[in-house]
Amino acid sequence: MGGRRVAGVVCALLVLLVGLLTGCQGQSPTAGEDGLLAGSGSGSATATASGRQVSPTRPAGYGALFLGVDECSSFGTTSFTEVSCTSERAAARVVARHDGTVGDGPLCPATTDFVLHISEQSRTSDEDGDGAIPQGYACMRNLAAPHPGDPGGGGGPRTIVGDCVYDSGDGEVRETSCDGRAEQKPEYEVTKAADRRTDCPLSTALYVQLGGEKPVGCARPV
């Protein structure tokens, strides 16, 4: 997964302060979710983790809710399919499932690897005739490594403590892996989550909006 691009504003105050998502003037967040695509086949719903949605076709036999919690999907290039978690095609598990849109709903768990967006489908448009599928999103965790949502993994829909970012120019930063193996080398690491900027250590050179109970990430140069 690639890094997440978010807007920020560079502030000069002894050290370089770059705002991620919100800058010095309190700009609104503009970040979206990054992620992978999932597999194709019978009973599939085509989607991407960048926010584009299309109507899904409900698969049968895996639960009352399409891609409910603890259900699994396969991977592909243009669509995803709900499959049994014991299937050799199973590649990722649903760790949380919410109705509505990501912007209006709860955050995914911190170590979510990617998010699948599910478009609404009415009962009348369901070719199997077994029920409607509401608009929603599934927070997914790969069944096997790599896990880009882990601290320092270089991806995932959320920035968390242990993640690294680099300055991509024009007052913006993007996430990259902390191990230095990615094309973009890490420049800052988020070392602490705080309630407010004043709670960050003096060594902080970058403030990152994390969301959640402690929304401010304190990052220092690496």
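What share of the 222 residues in the chain is buried? Buried residues make up 45% of them. Keep in mind as you look around that this is a predicted model.

**The chain as a whole**

The secondary structure comes to 14 strands and zero helices, so you can follow the chain by its strands, which count as DSSP runs numbered from the N terminus. Among contacts between residues at least 6 apart in sequence, 55% join residues at least 24 apart. The accessible surface is about 10,700 Å², and carbon and sulfur atoms account for 49% of that area.

In soluble globular proteins, nonpolar side chains tend to be buried together. Here the largest nonpolar core has eleven residues, among them Phe66, Phe80, Ile133 and Met140. Strands β7 (92-99), β8 (114-118) and β9 (136-142) each give two or more residues to this core, and β8 provides the largest share, three residues. Val94 is one of the core residues. Leaving aside residues up to four places away in sequence, Val94 touches Leu67, Gly68, Val69, Asp70, Glu71, Ala138, Cys139 and Met140. There is also a second, separate core of nine residues, including Val165, Val190, Val208 and Leu210.

**Disulfides**

A disulfide is a covalent bond between the sulfur atoms of two cysteines. A search of the whole structure finds four disulfides, and the table lists some of them.

| Pair | S to S distance |
|---|---|
| Cys108 and Cys139 | 1.9 Å |
| Cys164 and Cys178 | 2.0 Å |
| Cys200 and Cys218 | 2.0 Å |

Let us start with Cys108 and Cys139. Their link is left-handed, with -75° about the S-S bond. Because Cys108 sits in the loop between β7 and β8 while Cys139 belongs to strand β9, the pair ties together parts that are 31 residues apart in sequence. Are these two cysteines buried or exposed? Cys108 counts as buried at 7% relative accessibility, and Cys139 is buried too, at 0%.

Next come Cys164 and Cys178. The torsion about their S-S bond is about 110°, so this disulfide is right-handed. Cys164 is buried, with a relative accessible area of 2%, whereas Cys178 is partly exposed at 28%.

Finally, Cys200 and Cys218 form a left-handed link, with -75° about the S-S bond.

Notes. Residues numbered from 1 in each chain as written. Predicted model: local features only at pLDDT ≥ 70, side-chain atom pairs only at ≥ 80, totals over all residues. Heavy atoms only, no water. Helix = DSSP H or I, 4+ residues; strand = E, 2+ residues; numbered from the N terminus. Buried < 20%, exposed > 50% of the residue type's maximum accessible area, 1.4 Å probe, protein only. Contact = heavy atoms within 4.5 Å. Areas by Shrake-Rupley, 256 points an atom, 1.4 Å probe, with all protein chains shown as cover. Core = buried A, V, L, I, M, F, W, Y, C linked by side-chain atoms within 4.5 Å. Disulfide = S-S within 2.5 Å.
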